[in-house]
Amino acid sequence: MSGQSVSLHAYLPFLIDGVWVTLQITFAAMALAVPVAFLLAAGRMSSWRVVRLAAGFVIELFRGTSAVVQLFWAFYVLPLFGITLSPMAAGILVLGLNEGSFFSEVVRASLKSIVVGQREACVALHLPRRYAFWRIILPQALPVMIPPFGNALVLMLKFTALVSLVTVQDLSFRADQIRTALGVSGEIYGVVLMIYFALALVLAGAVALLERQAARWAGRPVPALLPWLRAHASPVPRWALGR
Amino acid sequence: MSGFSWDWAYALSILPELLRGLMITVQATLLATAIALPLGLVLILIRVAGIPVVSRAVWFLIEFLRGTPFLIQLYFIFYVMPNYGVTLSPFTTGVIALGIYGAARAAELYRAGIEALPPGQWEACMVLGLPLPFVWRGVVMPQVVPVVTPMLGNLVIVMFKDSAVLSTITVLELVATAKDIGVMTFRYLEPLTLAGLLFWIVSYAAAHGVRHLEARHAGR
């Protein structure tokens with residue numbers, strides 16, 4: 001038992017390198033997902049029917065089929081068409097496009113949440129369309145997107161575990177290798193689960209900071225720091241629980 | 001270049017096998033749903049009940065399950081359970097893992113449903129001195145269920161797509177079947193594309209059903 005923990009300890013740097021890979025993929029895929037989401041949202045709101053249909057098709061394609069299938073498709077089928085991506089690139093591409101398709105709905109809803117009066121004021125003031133979008137509409141829509149962005153970021157972190165299935169050496173892949181190398185059973189996954197959870201807490205905390213900054217900037221009430229603590233109050237009054 | 005061009009005859013020949021895989025995927029999803037929806041309700045009821053240590057523990061469990069990848073949860077259960085003398089088939093293990101993961105997500109949806117209830121509803125019940133069982137069965141549930149039903153429907157669709165992860169513990173569901181066919185015949189284009197298509201058809205039809213459900217509840 002003690003020998004086992006010693007060797008687990010020896011493998012720790014190897015596992016930590018995996019954390020680094022996992023974070024790299026998370027941020028790279030997210031950096032792809034956000035512009036994709038804006039593009040798809042713009043496509044869905046386009047005045048050209050063809051563009052609307054094309055954007056809708058891409059969104060349906062990525063939302064309706066399983067991410068695992070998409071990943072295997074990028075890994076096994078794309079090379080047949082002469083497109084050979086490294087496992088890491090394939091993973092980032094699929095995760096980014098998949099999450100971007102989901103997040104495009106958030107972007108669209110946020111842009112639409114800007115009250116009609118703001119748009120009408122822009123028209124009444126004869127502001128150029130581009131100016132109105134970049135200086136009036138978008139600055140108001142961005143803060144609305146921040147909380148769902150936080151959710152999407154944590155989702156992406158969990159999502160990256162799938163790239164281990166196409167041999168990317170992330171945290172999950174390395175855990176599997178350690179299990180095989182040491183011949184130990186699944187305890188290593190307990191450790192890895194805790195690492196993922198800690199990372200998720202850190203990312204969510206960082207986004208909460210961003211949210212507070214945005215609220216301050218927009219002159220709105222500043223929300224509490226940790227969303228986990230915020231959510232802890234019970235929605236049911238005590239008497240209704242029979243006490 | 002064998003996989004470059006789509007071969008219809010080949011695609012048709014592997015379709016029955018893929019449909020068998022799809023059946024396993026659907027079975028796993030439905031069985032996991034049968035665990036997730038009631039277990040999620042139990043979890044959230046314990047969580048809001050305000051029992052000193054237990055409620056906090058359940059709250060942490062829900063957050064932990066929601067904050068970690070399903071793939072690793074599955075591996076954990078799959079490789080750790082035998083240590084404690086529990087040996088189940090990969091399929092059963094997969095269903096249990098997916099059910100537990102789904103329960104944590106369902107619990108969050110139930111909570112959102114309860115939170116959506118206007119505070120005035122609770123206050124009115126208290127002022128009228130309604131008996132507690134009636135408050136839950138006659139006032140709370142009839143308002144929470146229509147809000148939560150479409151969300152739970154969407155959750156089932158998400159679980160359907162997540163069930164593809166079960167392929168990693170040798171459950172021969174749709175994705176594993178498609179991959180096996182690819183390995184054996186060196187043709188990946190048809191099996192993987194068809195697998196994606198089958199996923200899309202089922203989830204599209206299911207999403208349509210959920211929208212129908214939503215419209216029916218909204219119409220009332």
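How much area is buried between chain B and chain A, and what percentage do carbon and sulfur atoms give? About 4500 Å² is buried between the two chains, and carbon and sulfur atoms give 72% of that area. Buried area here is the accessible area (1.4 Å probe) that two parts lose on being put together, summed over both.

This is a predicted model, in which local features need pLDDT of at least 70, side-chain atom pairs count only at pLDDT 80 or more, and totals for chains, interfaces and linings use all residues. Residues are numbered from 1 along each chain as its sequence is written, chains are lettered from A in the order in which they are written, and side-chain values use heavy atoms, with hydrogens and water left out.

**The interface**

Chain B brings 51 residues to the contact, and chain A brings 44 residues. Contact means heavy atoms within 4.5 Å. Ten residue pairs are in polar contact between chain B and chain A, both residues being at pLDDT 80 or more. A polar contact is a pair of N or O atoms within 3.5 Å; within protein, one must be able to donate a hydrogen and the other to accept it, and residues adjacent in sequence count only if both atoms are side-chain atoms.

On the side of chain B that touches chain A, at least two residues come from each of α1 (8-48), α2 (52-67), α3 (70-80), α4 (90-115), α5 (119-128), α6 (132-162), α7 (174-185) and α8 (189-219). The largest share, nine residues, is supplied by α8(B). By type, this side of chain B holds 33 nonpolar, ten polar and eight charged residues. Ala, Val, Leu, Ile, Met, Phe, Trp, Tyr, Cys and Pro count as nonpolar, Asp, Glu, Lys and Arg as charged, and the others, Gly among them, as polar. Salt bridges between chain B and chain A number zero.

**Chain A**

Chain A has ten helices and zero strands. Helices (H or I, at least four residues) and strands (E, at least two) are DSSP runs, numbered from the N terminus. Along the principal axes, the C-alpha atoms of chain A fill a box of roughly 75 × 65 × 35 Å. Of the 243 residues in chain A, 45% are buried. Buried means under 20% relative accessible area, exposed over 50%, partly exposed in between (1.4 Å probe, protein chains only). Among contacts in chain A with a separation of 6 or more, 72% join residues 24 or more positions apart. The accessible surface of chain A is about 12300 Å², and 69% of it belongs to carbon and sulfur atoms. Accessible areas come from the Shrake-Rupley method with a 1.4 Å probe; for residues, only the protein chains shown count as cover.

**Salt bridges**

The whole structure has seven salt bridges over all chains. A salt bridge is a side-chain nitrogen of Lys or Arg within 4 Å of a carboxyl oxygen of Asp or Glu. Three of these pairs are tabulated.

| Salt bridge | Closest N to O |
|---|---|
| R108(A) and E105(A) | 3.3 Å |
| E115(B) and R111(B) | 2.8 Å |

R108(A) and E105(A) both lie in helix α5 (residues 87-112) of chain A, three residues apart, about one turn of the helix. R108(A) is buried at 17% relative accessibility. E105(A) is partly exposed at 26%. R44(A), E105(A) and R108(A) are linked in a network of salt bridges.

In helix α4 of chain B, E115(B) and R111(B) are four residues apart, so about one helical turn separates them. E115(B) is partly exposed at 41% relative accessibility, whereas R111(B) is buried at 10%. R187(B) and E190(B) are both buried.
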